[in-house]
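Biologist: Could you take me through a single part of this model, up close? Please set it against the whole chain as you go.

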Amino acid sequence: MKIGIIAAMSSEREQLAGLIEGLHTERLGLFEYTSGRLGSNTLYIMECGIGKVNAAVGATELIGRIQPDVVVSTGVAGGIDAKAGVMEVVAASEVVYHDVWCGMGNAYGQIQGLPARFACNGELLQTATSLPSDVPVHAGLICTGDKFITDREELDRIKSAFPDGLAVDMESGAIAQVCHLFGIPFISFRIISDTPGADAHWQQYENFWETMADRSFGVVRTFLESLPASLQ
């Protein structure tokens, strides 16, 4: 398969590029794509930039230019549930916006005319939750919004609206929406780098990149290596 991988930040893209062999980088339109083989598949890695608009533009460009069989959003996210600790992983079963409200007749988080939540591909999710890895992988809901969450009260509001939420990020919802519109199988596979609202939260995030990122991204490699050559 051709697997399109979207990361938001250069630090995430660099970690991902180190996972694959036979690297080749080319610019097509607005973005650079780093491609190479891993297992039985060809990977195309791009850095879209932070936030929903960047993510949507990146996903649209990736689908139009590369025509991947599946799209994976990966990188880091903030953990918002005690069951998913730092360095553990959330594989999204569903993705929702935590900062969208389109008025009466719509669920909170729902773009009018679209699903209240975007479901991720079941086969990709099954692969993610069956990895031969010591790192716990939790299947569940990822909540997306255009804000880096640091305030405990804001986190509590998100958890109140989405009690089953396991993580927050700034891109997965937009990528999921684009993949839904184009009919492309999608999953978000996110390492927990920090826990919003915790004491010394920002230091926790910085410590992840300084001391834990190399080891943590090994589970991303395991996931990508485990993907089948085609979906059923």
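Modeller: Happy to! Residues 24 or more positions apart make up 77% of the contacts in the protein chain with a separation of 6 or more, a contact being heavy atoms within 4.5 Å. This is a predicted model, where local features need pLDDT of at least 70, side-chain atom pairs count only at pLDDT 80 or more, and totals for chains, interfaces and linings use all residues. Residues are numbered from 1 along each chain as its sequence is written, and side-chain values use heavy atoms, with hydrogens and water left out.

The protein chain has seven helices and ten strands; these are DSSP runs numbered from the N terminus (helices H or I, at least four residues; strands E, at least two).

Now to helix α2, residues 52-66. Its 15 residues reach 20 Å from first C-alpha to last, close to the expected 21 Å, which is 1.5 Å times one less than the number of residues. Buried in α2 are Lys52, Ala55, Gly58, Ala59, Glu61, Leu62, Ile63 and Ile66 (buried is under 20% relative accessible area, exposed over 50%, partly exposed in between; 1.4 Å probe, protein chains only). In the protein chain, 54% of the 232 residues count as buried.

Val53 also lies in helix α2, but it counts as exposed because its relative accessibility is 61%. After α2 comes Gln67, with a positive phi near 50°.
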